[in-house]
Amino acid sequence: QVQLVESGGGLVQPGGSLRLSCAASGSIFSIYTMGWYRQAPGKQRELVAAITRGGSTNYGDSVKGRFTISRDNAKNTVYLQMNSLTPEDTAVYYCQMVVAPQANIAAYNNWGQGTQVTVSS
């Protein structure tokens, strides 16, 4: 079993910055794609950013140029640096990882519990 624990959410003023972290623990052989999704009230969950094991990245259109995703494979951790935040970034942010628990066992998707980010003056 794999556990994902997020941290770093909170309240920030418009134009401010936050850094989210998500660490995986448990039965881990390899972690493939890591990503961040978000869900605002009344809206569908959407991709914020994703990063492959090799470091290739993909961003949602609304965050390009403002957010940066990175990972530390040795620590099984993914980060999301969020700059120039606006009220439209307010949402619950979820960490996601595709994890192979053992060699020769198929990888599967895992989700964190979510962390609230609120951008407000």
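Me: Which residue stands opposite Cys-22 in β8?
Reply: Strands of a sheet pair through backbone hydrogen bonds, either parallel or antiparallel. In this predicted model, Cys-22 has Val-78 as the residue opposite it in β8. The strands β3 and β8 run antiparallel and are joined by six bridges.

Me: Which residues of β3 are the bridge partners of Leu-4 and Val-5?
Reply: Leu-4 has Ala-24 of β3 as its bridge partner, and Val-5 has Ala-23. The pairing of β1 with β3, which covers residues 18-26, is antiparallel and extends over six bridges.

Me: What is the order of the strands in the open sheet?
Reply: The four strands follow the order β1-β3-β8-β7, and their pairing is antiparallel. At the edges stand β1 (2-7) and β7 (67-72); each has a single partner strand, so one side of each lacks a neighbour in the sheet. From one strand to the next, the twist averages 15°.

Me: How many disulfides does the structure hold, and which residue is joined to Cys-22?
Reply: There is one disulfide, and it links Cys-22 to Cys-95 with an S to S distance of 2.1 Å. Cys-22 lies in strand β3 and Cys-95 in strand β9, so the bond ties together parts that are 73 residues apart in sequence. Both Cys-22 and Cys-95 are buried.

Me: What is the handedness of the disulfide between Cys-22 and Cys-95?
Reply: Handedness is read from the torsion about the S-S bond, which is about -80° here, so the disulfide is left-handed.

Me: How many residues has the largest nonpolar core, and which have the most contacts inside it?
Reply: The largest nonpolar core has 29 residues, and those with the most contacts inside it are Trp-36, Val-78, Leu-80, Met-82, Tyr-93 and Met-97. The elements that give two or more residues to this core are β1, β3, β4 (30-39), β5 (46-51), β7, β8 (77-82), β9 (91-100) and β11 (115-119). With five residues, β9 supplies the largest share.

Me: Which residues does Leu-80 touch, not counting residues up to four places away in sequence?
Reply: With those set aside, Leu-80 touches Leu-18, Arg-19, Leu-20, Trp-36, Val-48, Ala-49, Phe-67, Thr-68, Ile-69 and Tyr-93.

Me: Where is Tyr-93 placed, and is Tyr-93 buried or exposed?
Reply: Tyr-93 is in strand β9 and counts as buried, at 0% relative accessibility. Apart from residues up to four places away in sequence, those touched by Tyr-93 include Glu-6, Trp-36, Arg-38, Leu-80, Met-82 and Gly-114.

Me: Which backbone oxygen does the side chain of Tyr-93 reach?
Reply: The side chain of Tyr-93 reaches the backbone oxygen of Asp-89, at 2.6 Å.

Definitions and conventions: Residues numbered from 1 in each chain as written. Predicted model: local features only at pLDDT ≥ 70, side-chain atom pairs only at ≥ 80, totals over all residues. Heavy atoms only, no water. Pairing = 2+ DSSP bridges. Axes fitted to C-alpha atoms, helices over the stretch in contact; angles between N-to-C directions. Core = buried A, V, L, I, M, F, W, Y, C linked by side-chain atoms within 4.5 Å. Buried < 20%, exposed > 50% of the residue type's maximum accessible area, 1.4 Å probe, protein only. Contact = heavy atoms within 4.5 Å. Polar contact = N/O pair within 3.5 Å; in protein donor to acceptor, adjacent residues only side chain to side chain. Disulfide = S-S within 2.5 Å.
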